[in-house]
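Okay, thanks for coming, everyone. I'd like to walk you through one protein model today, piece by piece. Have a look at it first, and then we'll start with the sheets.

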Amino acid sequence: MNSYFKLRVRGSLRGLIATVAGLLFLVGISLITLFVTRTLHDDMHELLTQQQLMNASYVARDIDGKVKLRLDSLARVASNFPLDLIARSADLQHWLEDRRAIHTLFPTGLMIIPVDGSETLAETPRLKTRPKSFVDRDWFVGVKSTLKPFVSKPLIARSTNEPALVIAVPVLDKRNRLMAILAGVTPLETPGFLDLIKGATPGQQGRYQLISPRHKLFVLTPDVTLSAATLPSLGQDPVIDMALQGKTGAHLAKNVAGESELVVIVPVHQAGWLLLARQPSKLAFEPVTHTVQNTILITVLLSIPLIGLLLLAVSWLLNPFAKLARQLRNMAEGTEPMKPVTVLPIEEVADVANSFNRLQARLLQQERRLADMAHHDGLTGLPNRIAINDRLESELLRIRRSGAGLALLFLDLDGFKPVNDQYGHQVGDRLLIEIAHRLQTCVRNVDMVARLGGDEFLILLSDSEVPLEAAKRVSQQCIDALGTPFVIDGLQISVGVSVGISVVLGADSNIVTATQLVSFADVAMYQAKGNGRGCYAIYTPSSSEELN
């Protein structure tokens, strides 16, 4: 390509030196090119900056949602806490171990702490390294003083020597008195928690940093040695200083080496953290530089035409560039939707348009990949909690207008944990995939099967005139489908399933939320467990009282 470029330049120089008209042509076309490339540069610069901000905001919302999921899950367990078991440690330990639905969210530990902060009343898993007193822990002090949920500062867990987070909620009696504190410990690098930071980067050679301004600590960074470490002192890292000063959004800033970086700072509200997406400006805006260079190169190559066609050539060159710049400007300003720009049958304009279209395609592909990761379970490919919550919200709005009803099934596998213990997680994962396939055969195309995590699934039966009858039928089909043994690597494995059913009709859809429907079905599922497992139970207002 270099030899081709040199030949074209030598050929055009002979024509340019021949006449003054050639000089005027070069001056005129150079001014036009400067205008177009400047407009193109500014528009694409803004587009890339906004794309980086959108991607970082998406990751921050994902982290925020996962912290909220853990807070809500602990609060739900605390709301069903059997206060009469506080004095019976063995029964309390059994009750805590039976809350398997929440164990996967806090794999390092789920603890019940007495109000005096002494050693745990119950814990799972049981660890010898567990401290005998919690009175100096920030989360214990926070919950006890405010009687509200509290997210701890980042710390290094004693049991695993890995970065972790403690989320604690109060256990209150009917008179709002603190009876105990329920706390869960989750490693920061738990799959499905902060893995979007570990598995992705904001562009080429970029990095994410998650910090806690309140505690002046790193939460999680690509450098694992910095996790839960103290932030640099004032002046050591200008980007960190900017974040601590409360600046959010997209900025161009100098790092400690004096190099320019594109920095996006987005809050993670639930935990009070800040997500920093950092990338060298040179690499972040490299596509812009290439596009401008290509534009200039095309302009130079187009300076060869005969001097006698100067006016026609100038007029012909301006129109395509102006059209392309207008398309990009309209998309950057939001007056036109994001879409591939028109590729005109002119070499230089086509090169610019194709460069932009390729850039846009890469950005959209990354966005779709992040969206898919956020809405689907990585093991089974089923929709996850976020996806089915969104679907539930829209279905509640729809049946409010149509008057039809819907049913939600909460499925929890019976006998799944022994499979993992006996055959290993690899066999357990393959079993979950097969279970997902069988569950999908029990529903219609318009229904949704989702995995909450661990051995829990949700089934949404939508658009039904008699949702309760449909729910009973599908529940029995699921029980029968999973009742047939599975054959994996020559092993015959049998599991069962307990199903909780919650139903809502169109007339009641305006007083029931998606979260409540899931909670009702969860309560009914535990009632089915109590009825002997391998059956289904239907939520009624008395179901919660029976479980309590």
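The strands themselves (E, at least two residues) and the helices (H or I, at least four residues) are DSSP runs, numbered from the N terminus. Also, keep in mind that this is a predicted model, so local features need pLDDT of at least 70, and side-chain atom pairs count only at pLDDT 80 or more, while totals for chains, interfaces and linings use all residues. Residues are numbered from 1 along each chain as its sequence is written, and side-chain values use heavy atoms, with hydrogens and water left out.

Five strands make an open sheet, and reading across you get β8-β7-β11-β10-β9, with antiparallel pairing. Which strands stand at the edges? They are β8 (217-220) and β9 (249-254); each has a single partner strand, so one side of each has no neighbour in the sheet. On average, neighbouring strands here are turned by 35° against each other, direction ignored. For that angle, axes are lines fitted to C-alpha atoms, for helices over the stretch in contact, and angles run from 0 to 180 degrees between N-to-C directions.

Zoom in on one pair: β7 (residues 207-212) and β11 (residues 273-280) are joined by five bridges in the antiparallel sense. Within that pair, Ile211 sits opposite Leu274 of β11.

Next, β6 (residues 178-187). How many of its ten residues are buried? Nine are, so it's mostly covered. Buried means under 20% relative accessible area, exposed means over 50%, and partly exposed is in between (1.4 Å probe, protein chains only). β6 runs antiparallel to β1 (residues 109-114), and six bridges join the two. β5 and β6 make a hairpin with five residues between them, and Asn176 in the turn has a positive phi of about 65°.

Now the inside. A nonpolar core here is a set of buried Ala, Val, Leu, Ile, Met, Phe, Trp, Tyr and Cys residues joined through side-chain atoms within 4.5 Å. In soluble globular proteins, nonpolar side chains tend to be buried together. The largest core has 43 residues, and those with the most contacts inside it are Ile63, Ile112, Leu182, Leu210 and Trp273. Helix α2 (residues 20-79) gives the largest share, ten residues. There's also a second, separate core of 33 residues, with Phe457, Ile479, Leu482 and Ile501 among them.

Let's stay with Trp273 for a moment. Contact means heavy atoms within 4.5 Å. Setting aside neighbours within four places in sequence, the contacts of Trp273 include Ile63, Val67, Leu165, Leu210 and Val219.

Last topic, charges. A salt bridge is a side-chain nitrogen of Lys or Arg within 4 Å of a carboxyl oxygen of Asp or Glu, and by that rule the count is 22. Glu123 pairs with Arg130, with the closest N and O atoms 3.0 Å apart. Glu123 is buried at 10% relative accessible area, and Arg130 is buried at 10% too.

Then there's Arg533 with Asp414, at 3.4 Å from N to O. Arg533 lies in the loop between α16 (514-530) and β18 (536-538), and Asp414 is in β12 (residues 405-414), so the pair ties together parts that are 119 residues apart in sequence. Arg533 is partly exposed at 37%, whereas Asp414 is buried at 9%.

And to finish, Arg207, Asp237, Glu261 and Arg278 are linked in a salt-bridge network.

Conventions. Pairing = 2+ DSSP bridges.
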